[in-house]
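Notebook open. I want to look at pockets and charge pairs in this one.

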Amino acid sequence: RPYFLNYYFGKTDLDAGPPDPTSFCDDFYLQVQDPANEHTWSYKYVVATTQGLQKLMNTEGYASLYFDDPVVVVLRWDLRVILSTVVEEIIKNYGNPDLEENAEGVLSPE
């Protein structure tokens, strides 16, 4: 099991949360370390509510959305739910050879 070192959102303050807890879309990063060799890397997820995705589409005039990164959709801002979802997924896939680290040290499917 990896060590979880740090986590943060691209724009959203962890303590304050988004201005509207039912409408947000942001990148979420979680830094981990392999206890065996101390190698560190980051996972990146898009975390959003359905209203946040709709707002993004309306604001940017998008007819569709495509994400390169895994997406976590939540009903509303709840950091415990977000962390639990992401950590469970990381642990489930820990050591998966189908994940590839990019130049920034972020893991994504090959």
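This is a predicted model: local features need pLDDT of at least 70, side-chain atom pairs count only at pLDDT 80 or more; totals for chains, interfaces and linings use all residues.

**Pocket first, then salt bridges**

I started with the lining of the largest pocket: by class, I get seven nonpolar, six charged and five polar residues.

Next I looked up the volume, and the largest pocket holds about 380 Å³ of space. Its lining comes to 18 residues, and Lys11, Phe24, Cys25, Asp26 and Gly52 are the closest to the centre. Two elements give two or more residues to that lining, strand 2 (25-33) and helix 1 (50-60). Helix 1 gives the most, with five residues.

Then the charges. How many salt bridges does a search of the whole structure find? I got three.

Lys44 came up with Asp27, their side chains meeting at 3.8 Å, N to O. This pair links distant parts of the chain, with Lys44 in strand 3 (residues 40-48) and Asp27 in strand 2, 17 residues apart.

My last pair was Glu89 with Lys92, at 3.2 Å, N to O. Both are in helix 2 (residues 79-93), three residues apart, or about one turn of the helix. Glu89 is partly exposed at 31% relative accessible area, while Lys92 is exposed at 60%.

How values were computed: Residues are numbered from 1 along each chain as its sequence is written. Side-chain values use heavy atoms; hydrogens and water are left out. On a 1 Å grid over the protein atoms alone, a cavity is a set of points where a 1.4 Å probe fits but cannot get out, and a pocket is an open set with protein on both sides within 12 Å along at least five of seven lines; lining residues have an atom within 4 Å of a point. Grid points are joined across faces, edges and corners, and a volume is the space filled by probe spheres set on the points. Helices (H or I, at least four residues) and strands (E, at least two) are DSSP runs, numbered from the N terminus. Ala, Val, Leu, Ile, Met, Phe, Trp, Tyr, Cys and Pro count as nonpolar, Asp, Glu, Lys and Arg as charged, and the others, Gly among them, as polar. A salt bridge is a side-chain nitrogen of Lys or Arg within 4 Å of a carboxyl oxygen of Asp or Glu. Buried means under 20% relative accessible area, exposed over 50%, partly exposed in between (1.4 Å probe, protein chains only).
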